[in-house]
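Let's take a walk through this structure together, one site at a time. Keep the sequence and the 3D view side by side as you read.

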Amino acid sequence: MMTASLPFFDGHNDTLLKMLIYGEKPDRFFAESSDLHISLHKAEQGNLVGGLFAICVPPPELSSGGKEKLKNKTGLNRTRRFQPIGYRHAYDITLKVLRQFFEIKRLSGNKIRIIKSSNDLVEAIENRQFSLVIHFEGAEQIDASMENLEIFYEKGLRSLGIVWSRPNIFGKGVEIRFPGSPNNGEGLTVLGMELVKACNKLGIMVDLSHMTENGFWDVARVTDAPLVASHSCVHNLCNSTRNLTDIQLEAIGESNGLVGVNFAVQFLREDGEKVLDTPAMEIARHIAYIAGKIGPRHVAIGSDFDGATIPNEIGDASGLQNLATALRQTGFNDEELAMISHKNWIRVLKETWRA
Ligand SMILES: [Zn+2]
């Protein structure tokens, strides 16, 4: 008997960042073959129905022609990526990527929908439109007065990671290290706490991935929305600073929140190594751990497609059904599979957006 294809909604990808760095035009998103992990074609093949698309602003050295620099490993040292970037640069790049976003939507005819409410999301999935939710990863393009937060909201911003793994005026991101504890630095500034409240008021999801543990608790103290880490894994299974401790997982469960499990191999594997030949079962292992600890209502996927080294067995969005197979082998029933693959994301976005 053929098992039905499982629809996946994804909490995080860096496809727009990769397109920016590689200088790809918006029509690449529709190409039959490309080096992107997510294209419309690959999404259809893997039954990816949509996800949060991150706008993460790279340093100026990488923002154009970055592909060659990355390939030749010139023009950018590793530490530069983790140093602060300026507001003006972040703002300009954000507008540039937003225009790309809108162009991708236009080029799709009616095949892609930019999601601004939970109704939009339910309708888009019913109508088989691919769903894009606009997410900022790092709030460098938000000014200290936060006046432009509302303008970005009107343009479609529905999710905000206050910090990427670098400091900004709102707080400090977590260093990416293995082995290490997420408790490795300060959390949010006073301004950062105000930004959380402003997001609550507008109905913008606050993303906890890339925060230090202190930042995580700062958000937990002030937010009135479910706690969400869009692309993180389990610290108890892989000792990376980017992963969540059991106490953090419990707080997420108690808030009726969600963890999107990251597919990056170095956040999954016990040895923290970047090994392509990592089975999809490693992702299922993290999902099962979270489901066992806080319940299957609080775990989903946050692939990090186009921003991470993904297990070969999945490769890109077209291989998502191999994860479905691993999840079935883990023993999840149909109802749990539907929650983990898409329903949990729909629920938590609905509760956060309140519209
Ligand atoms: Zn990230």
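Which element gives the most to the lining of the second largest pocket? Helix 2 does, with four residues. Please keep in mind throughout that this is a predicted model. The second largest pocket has a volume of about 360 Å³. Its lining is made of 15 residues, and those closest to the centre are Glu44, Asn47, Leu48, Val49 and Arg128. Besides helix 2, strand 2 (48-55) and helix 6 (118-126) each give two or more residues to this lining. Sorted by class, the lining of the second largest pocket has eight nonpolar, four polar and three charged residues.

Gly23 is partly exposed, with a relative accessible area of 44%.

Now turn to the metal. Which residues coordinate the zinc ion? They are Glu137 through OE, and His210 and His231, each through NE2, at 2.1 to 2.2 Å. Along the chain, these donors follow the spacing E-x72-H-x20-H. Glu137 belongs to strand 4 (residues 130-137), whereas His210 sits in the loop between strand 6 (205-207) and helix 9 (213-222), so the pair ties together parts of the chain that are 73 residues apart in sequence.

The aromatic side chains come next, and the count is 12 aromatic pairs. One of them joins Phe9 and Trp345, which form a tilted pair at 6.5 Å centre to centre, with 55° between the planes. Because Phe9 lies in strand 1 (residues 8-13) and Trp345 in helix 14 (residues 334-353), this pair ties together parts that are 336 residues apart in sequence. Both Phe9 and Trp345 are buried.

Compare that with Phe263 and Phe305: their ring centres are 5.6 Å apart and their planes stand at 90°, so the pair is edge-to-face. This pair also links distant parts of the chain, 42 residues apart. Phe263 is in the loop between strand 8 (258-261) and helix 11 (265-268), and Phe305 is in the loop between strand 9 (299-301) and helix 13 (320-330). Phe263 and Phe305 are both buried. Elsewhere, ring pairs join Phe29, Phe30, Phe53, Phe101 and Phe130 into a cluster. While you are looking at rings, find Tyr153 as well: the charged end of Arg158 sits over its ring, 3.8 Å from the centre.

The structure holds two cavities of 30 Å³ or more. The largest cavity has a volume of about 70 Å³, and of the 13 residues that line it, Leu208, Met211, Arg242, Asn243 and Leu244 are the closest to its centre. That lining divides into six nonpolar residues, six polar and one charged. The second largest cavity has a volume of about 50 Å³. Among the residues that line it are Asn200, Met205, Val219, Pro226 and Thr352. Its lining has eight nonpolar and three polar residues, with no charged ones.

Definitions and conventions: Residues are numbered from 1 along each chain as its sequence is written. This is a predicted model: local features need pLDDT of at least 70, side-chain atom pairs count only at pLDDT 80 or more; totals for chains, interfaces and linings use all residues. Side-chain values use heavy atoms; hydrogens and water are left out. Donors are N, O and S atoms within 2.8 Å of the metal (3.2 Å for Na, K and Ca); water is not among the atoms, so sites may look incomplete. Buried means under 20% relative accessible area, exposed over 50%, partly exposed in between (1.4 Å probe, protein chains only). On a 1 Å grid over the protein atoms alone, a cavity is a set of points where a 1.4 Å probe fits but cannot get out, and a pocket is an open set with protein on both sides within 12 Å along at least five of seven lines; lining residues have an atom within 4 Å of a point. Grid points are joined across faces, edges and corners, and a volume is the space filled by probe spheres set on the points. Ala, Val, Leu, Ile, Met, Phe, Trp, Tyr, Cys and Pro count as nonpolar, Asp, Glu, Lys and Arg as charged, and the others, Gly among them, as polar. Rings of Phe, Tyr and Trp (its six-membered ring) pair if their centres lie within 6.5 Å; planes under 30 degrees apart count as stacked, over 60 as edge-to-face and the rest as tilted. A charge sits over a ring if NZ of Lys or CZ of Arg is within 6 Å of the ring centre and within 35 degrees of the ring normal.
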